[in-house]
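Here is my notebook page for today. I went through the model one piece at a time and wrote down what I looked up.

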Amino acid sequence: MMNKILIIDDEEKLRGLLARIIKLEGFEVLEAGDLKSAVRKLDQSDIDVVLCDVKLPDGNGVEFVKTLREKYPLLEVILLTAYGNIPDGVQAIKSGAFDYITKGDDNNKIIPLIYRALEKAELNKRVQKLEKQVSDKYSFHSIIGKSRNITASIELARRVAPTDTTVLLLGETGTGKEVFAQSIHQASPRAKKSFVAINCSAFGKDLLESEMFGHKAGAFTGAIRDKKGLFEEANSGTIFLDEIGELASELQAKLLRVLETGEFIKIGETVPTKVNVRIIAATNRDLQKEIASGDFRSDLFYRLSVFQITIPALRERVEDIGPLATEFATRFALKANKKIKSLSRDFIAALEHYAWNGNIRELKNVIERSVILTDGEELNVESLPFELLQISNGNSKNLSAFSLASAEKLHLQKILNYTKGNKAEAARLLEIGIATLYRKIDEYKL
Ligand SMILES: Nc1ncnc2c1ncn2[C@@H]1O[C@H](COP(=O)(O)OP(=O)(O)OP(=O)(O)O)[C@@H](O)[C@H]1O
């Protein structure tokens, strides 16, 4: 499609000349003699770049730049200034114009400038598209599940999303706490600002403090330059503090201060930094217990737990397992270039009977493994890890699908089958001592 350029200028001769030059480059040119007819043209067609004169019969071009940026954020504006009137150009750029150019003077400069403005306009469109993709990906719609339990959690999250209220997400590992945090952010007025996530158990205390709050150059050895902390990065947006129960006590105090005053002091700094950040925290621990044992400050807990949402474990919403598995199978099949059309009944039944201590994350892993192991069009039980099929054996050690132990167990089973239960022969083949074999048989309840 041809790019469209709109020229707004009341001097017909000059406008015509400019239009001819631009048309020669293969662009489609639209013309307007005043702001009113310009607005009509802008509403009727998708303009990419606007060239706008300053003095117009019904208004001022410099001021019009602001309106243009707000109403048509994807297009770019080049202001046509009168000779020697640099302040107009500077003001226009402040208001969001792409650039300015002196009228009549530099017609040979206009084409390259238009090309650059077009590139910027294309970029605007790409960014908008990506933003839409991100917000779709992290919207509440992306949370799969129709069970009463999960819909109740989603409903709570929807309600609190548009506010600035601090949210505490409770739930076992892998239940989707981060997915919830992102959806809340995306459904809030802060959606266009940053969403920053930090796992409080991922760093040691000192590193975590500098990650969260930043430091001044020279604050400690290795602090070569000033570092912005994640709270600053998240300014005007949302910060997600995962595994908040792991936060060291000094940092708990610092976080409490942020919650109370919006302020913190960077490492090595003396004056506080102020931020406006919405806080979403998450934990899989029982914070009441941590409070009782003195590991978590109760005042911080009360600040954080203004609005609590519990995300149900997968075993508490068994009816969602089938739809989740199907969705993951589709995604992984696409990724692995496999033609998987269905999941067998037994396959889903086995999934529904399993305890899923690792919740959705574990389910995702199991499905990925099954997709990799399947060559046909249907996922069936043969592709499931051993433990999932051993559900009736309540004593068996609970192993995750990808663990080394799970592979070891499977291997032992195979060898023992091969030697028809002859343990001495099995130990020889496995190149381990007979005592070790007995121990493993016992451990895996073979
Ligand atoms: N309802 C859902 N629908 C689809 N995918 C989901 C859903 N909930 C979670 N997931 C996926 O499950 C995985 C685990 O989710 P997430 O990281 O949000 O869990 P978490 O509770 O924050 O885990 P942890 O406590 O270990 O940090 C991710 O890959 C996520 O994309």
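**A helix end, then a sheet**

I began just after helix α19, where lysine 445 takes a positive phi of about 55°. Helices here are DSSP runs of H or I with at least four residues, strands are runs of E with at least two, and both are numbered from the N terminus.

A note on the source: this is a predicted model, where local features need pLDDT of at least 70, side-chain atom pairs count only at pLDDT 80 or more, and totals for chains, interfaces and linings use all residues. Residues are numbered from 1 along each chain as its sequence is written.

Next I checked how covered α19 (residues 434-443) is: of its 10 residues, the count of buried ones is 1. I call a residue buried if 20 or more other C-beta atoms lie within 10 Å of its own, exposed if 12 or fewer, and partly exposed in between, with C-beta atoms placed from the backbone.

Then I turned to strand β12 (residues 238-242), where 5 of 5 residues are buried. Thr238, Phe240 and Asp242 are on one side, and Ile239 and Leu241 are on the other.

Which strands pair with β12? I found β9 (residues 195-199), parallel over 5 bridges, and β15 (residues 278-283), parallel over 4 bridges. Two strands pair if DSSP finds at least two bridges between them. Asparagine 199 has aspartate 242 as its bridge partner, while isoleucine 239 partners isoleucine 279. Leucine 241 stands opposite alanine 281 in β15.

Last, I traced the open sheet: 5 strands, paired in parallel, in the order β9-β12-β15-β8-β16. Its edge strands are β9 and β16 (307-310), each pairing on one side only.
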